[in-house]
Structure formats: C-alpha cells, structure tokens
Amino acid sequence: MTAFARPVGPRSLADRRAAASAGTAVLRGILAEDGARLLLLVPDPHARFAAVELAAPFAASALDDGYGVCSYVFAWTPSRDPLKASGVLGGYLEGFGDLRMRPDAASAIPLGARTWAVVCDAEWPSGSVAELAPREVLRGQLAALEGLGLVPSVGIEHEVVFRDSLGTPLTTHGVDYAVGGTERLSPLLGDLRTALDDAGLGVESARAECHPGQYEIVLRHRDALAACDDVLLQQLLVRRVAARHDVTADYLAAPSPGQGNSGHVHLSLSTMDGSEPDLLGGFLAGVLRDARALTAIWAPTWNSYVRLRTAPFSPREVRWGHDDRTASVRVAGPPAGPRLEFRFAGADAQPHLVVAALLAAGRFGLEEGLSPPDAGVTVGSLATSPWEAAGMLDRVGELLGPAVAAQLGALLTEEIESGLDTVTDWQRRRGALRS
C-alpha cells in the first residue's frame with residue numbers, strides 16, 4: 001500500500017493524521033525533483049475547489065508552513081463575487097485577508113506532468129480553524145461521533161451528463177445499464193478510466209445512466225474525509241478529461257426538466273474496535289427527523305428544486321425502505337452488515353456538508369435514543385423551494401453550528417435574489433403567450 005492509498009472502510013481521525021504524516025514525507029521527496037509542482041486545493045461551499053499552484057521551492061515549504069488563500073473563498077457566490085458582509089461572514093470579507101492552507105498529504109493524487117494535487121485544511125493566521133470551511137465542519141462532526149466510539153465508512157456516487165460543443169448530450173436517449181448506444185462516449189470514457197486509475201481514486205463501478213448523455217461513477221467506500229475530498233477530485237479529473245475531448249461535464253442537479261443528477265451517499269458505522277452497531281435505530285431515526293430541516297444542504301441551488309420534482313428516483317417524501325430506490329433512505333447490503341443509502345442530495349450539493357449533516361442528525365438520534373418509523377411510512381417531505389428551505393436554518397444551527405447556518409442563509413438569499421434578477425427563456429415563452 002502506498003503512502004497515498006485510500007484504504008477501504010472506516011479510518012479514525014488519528015489514523016488519518018498518521019497517513020498524512022507518512023504522505024508528507026513522501027511528497028517532500030517528490031517535490032525535491034526538478035520541475036515538480038503542487039496544486040493546493042480547498043473545498044469551497046459550492047462543491048468545487050479554490051486552487052493555488054506552487055512551483056519549487058515554494059511547494060516544498062508549503063508542506064511545513066502552509067500557504068495563503070483569500071478568506072472570501074468561504075463567503076463568495078458561484079461567480080466568485082463576495083456575499084454581503086454581515087455577522088460571521090464579516091470576518092471573511094473584511095479586508096479580504098489571507099487564511100492559511102494546510103496540506104493534508106493523505107489526500108494527494110498525481111495529475112501528471114510532475115504535478116501533484118493535495119486537498120488542504122484552512123485556518124486563520126492565529127492557528128484557529130476557519131469554521132466556515134466545509135472540511136472543518138465535517139471534521140468537527142467526525143470528532144463528535146468518535147466521542148460516541150463510532151467511525152463511519154462512506155461511499156459517494158455521482159451522476160454527470162456529458163455534452164458536445166453544441167450542448168447536445170452524447171447519447172440521444174437514456175442508456176441505463178446499456179453497452180450499445182454508448183459508442184460516442186467510448187473515447188472519453190477510455191481516457192477517463194486511465195486518469196482515475198492513475199490518480200488512485202479507487203473506482204468501484206461506472207455505468208451509463210437513465211437520461212441522455214448521463215453516466216454514473218461510484219468510488220469505493222472509505223473514511224468520510226477521503227470520500228468527500230475524492231468525489232471532488234474525481235469531478236476535477238472528469239472535467240479535465242472531458243475538455244480534452246471538447247465535451248462538457250454537467251453536474252447540474254437537474255440537467256433538463258424531468259431529469260436529475262444525484263449525489264447519493266452510502267454510509268455504514270463501525271465502533272472503534274471494529275464491530276458494527278445497529279444502523280437502523282437511532283441514527284436512521286435522527287436523519288429522518290431532521291431531513292426536511294436540512295434541505296438547504298441537500299438542495300443548495302434554485303436548480304436543485306427542479307431535481308426534487310423528478311420523483312420517484314429523486315424522492316421528496318421522507319421515508320425509508322429495504323432495497324427501495326423510491327425511498328429517500330434505502331437500506332442496502334446483507335442483513336448482517338447493512339448500509340444506508342441517503343438519496344436526498346443532488347450532484348450540486350457540497351459533499352463535506354452533506355456528510356457532516358448526516359452524521360450530526362444521526363448522532364443526535366443516537367444520543368436521544370430515537371426509534372425510526374416502520375419501513376415505508378412517510379414522516380414528512382423535503383422543502384419544495386429555496387425560500388422554504390431558508391426558513392428552517394435554526395435547526396441547521398443546532399446541528400452544525402450558528403456560523404454554518406449563517407453561511408447557508410447568505411448563500412440561499414443570494415441564490416434567490418440572483419434568480420429573481422434574471423429573465424429566463426421560460427419567462428419569455430410565458431410572456432409571448434400573453435401577446
């Protein structure tokens with residue numbers, strides 16, 4: 001196993017720190033070579049990376065000293081404009097000063113051309129963590145869960161639509177599980193397979209999906225930080241390979257009306273000594289109780305709510321079932337070791353926040369001794385609009401902290417206002433009907 005391998009299954013925060021330490025020593029040797037470069041990556045609130053590329057000798061020194069990144073990366077819009085400064089966001093926008101990126105060498109992958117990418121934590125110059133960094137939000141929930149003697153194993157499956165330079169999907173119809181009909185995808189997929197294998201991301205499966213041009217890639221289950229980092233690294237590689245083929249990779253939650261790109265999360269729990277607790281009790285009950293209040297995390301964009309209208313496979317109803325893909329929580333796997341598949345989130349959701357929200361809600365359910373309803377019983381529904389989701393952020397604050405709730409509130413407010421400032425093709429068509 002290499003220093004940068006992603007071991008299958010759970011891994012405690014202490015084990016991750018040990019892996020990062022070993023990886024740092026190996027990276028130091030790699031970066032000592034002529035022409036080596038390091039791409040520092042910080043996950044932002046929009047499920048993408050803020051990046052800085054360093055050449056030697058700065059790359060090597062960043063392993064010890066970190067490197068600066070403007071604090072507004074955690075308080076910006078999708079177009080990289082600053083959000084309105086208020087409350088906790090003000091500290092990230094006042095003066096636009098630097099945070100310090102701290103590379104987590106356990107996340108490193110090779111990108112070719114003597115370049116390595118590494119995902120980073122973010123901290124203030126004082127050394128205190130940047131509380132709005134999605135990675136820090138997730139780490140806080142992992143630490144809280146370890147306080148109960150539990151560690152999760154997480155697998156994330158993401159769907160993407162591939163389009164040509166004219167915006168046309170690369171298949172003309174749905175090709176769910178198909179081999180035939182995917183010929184236009186083959187050259188791209190061949191290069192993509194090579195890129196993901198070379199990066200060591202550990203793809204478990206890949207297949208054509210049910211909408212035109214749609215494809216699904218599933219990474220093997222691993223520790224939660226690695227799972228969330230790696231699904232964003234996967235997107236980075238997918239987009240780079242697609243661009244070489246003059247193709248775009250569309251991760252919109254609803255690439256077209258009636259269609260959905262999902263970001264399903266498979267999760268199991270282990271105790272620190274390796275045994276498997278009962279997932280179908282308090283943890284499941286806690287997630288079901290708070291699923292509606294957490295809609296802003298599952299569905300962060302205006303487009304997300306179009307996806308939530310594409311039931312039954314993007315269900316709005318909150319219920320669970322055994323091997324039931326029309327349920328928002330599907331229990332899968334063998335009876336002796338079941339896992340939970342959470343089907344709330346779209347491909348546009350921030351994965352670190354999604355997993356953090358699941359862990360927080362599930363932990364509260366365990367601590368309070370909740371019991372889930374019977375399989376198939378509907379206990380509520382997700383919010384149906386961004387403004388409805390924005391009205392439930394008080395509970396998000398109780399689960400993930402008031403700073404995260406304030407950040408989500410500012411992001412949703414900006415999303416709503418941007419949508420209301422836009423004239424769409426739908427509005428023009430509706431207007432033409434009045435003439």
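**Labels and what they rest on**

Author: Helix H12 is followed by Gly401, whose phi is positive, near 105°. This is a predicted model: local features need pLDDT of at least 70 and side-chain atom pairs pLDDT 80 or more, while totals for chains, interfaces and linings use all residues. Residues are numbered from 1 along each chain as its sequence is written, and side-chain values use heavy atoms, leaving out hydrogens and water.

Reader: Why is helix H12 called largely enclosed?

Author: Six of the eight residues of H12 (residues 393-400) are buried, so the rest of the structure largely encloses it. Buried means under 20% relative accessible area, exposed over 50%, and partly exposed in between (1.4 Å probe, protein chains only). The residues concerned are Leu393, Arg395, Val396, Gly397, Leu399 and Leu400. Helices (H or I, at least four residues) and strands (E, at least two) are DSSP runs, numbered from the N terminus.

Reader: What covers the buried residues of H12?

Author: The cover includes helices H4 (134-146), H7 (282-290), H8 (295-298), H10 (351-367), H11 (386-390) and H13 (402-420).

Reader: Which residues touch the most other members of the largest nonpolar core?

Author: Phe162, Trp298 and Leu400 do, out of 94 residues in that core. Helix H6 (residues 224-244) gives the most to this core, with 11 residues. A nonpolar core is a set of buried Ala, Val, Leu, Ile, Met, Phe, Trp, Tyr and Cys residues joined through side-chain atoms within 4.5 Å.

Reader: With neighbours within four places in sequence left aside, what is Trp298 in contact with?

Author: Its partners are Ala291, Phe344, Ala345, Gly346, Ala349, Val354, Ala357, Leu358 and Leu382. Contact means heavy atoms within 4.5 Å.

Reader: Why is Asp250 called buried?

Author: The relative accessible area of Asp250 is 13%, and the limit is under 20%, so Asp250 counts as buried. Asp250 is placed in strand S10 (residues 248-250). Beyond four places in sequence, Asp250 is in contact with Val160, Val161, Arg163, Pro255 and Asn261.

Reader: What makes Phe74 and Tyr92 an aromatic pair that is edge-to-face?

Author: Rings of Phe, Tyr and Trp (its six-membered ring) pair if their centres lie within 6.5 Å; planes under 30 degrees apart count as stacked, over 60 as edge-to-face and the rest as tilted. Phe74 and Tyr92 are 6.4 Å centre to centre with 90° between the planes, so both conditions hold. Phe74 is buried at 0% relative accessibility, and Tyr92 is buried at 1%.

Reader: How do you know that Trp302 and Trp387 form an edge-to-face pair?

Author: Their centres are 5.5 Å apart, with 65° between the planes; the angle is over 60 and the distance within 6.5 Å, so the label applies. Trp302 lies in the loop between H8 and H9 and Trp387 in helix H11, so the pair ties together parts 85 residues apart in sequence.
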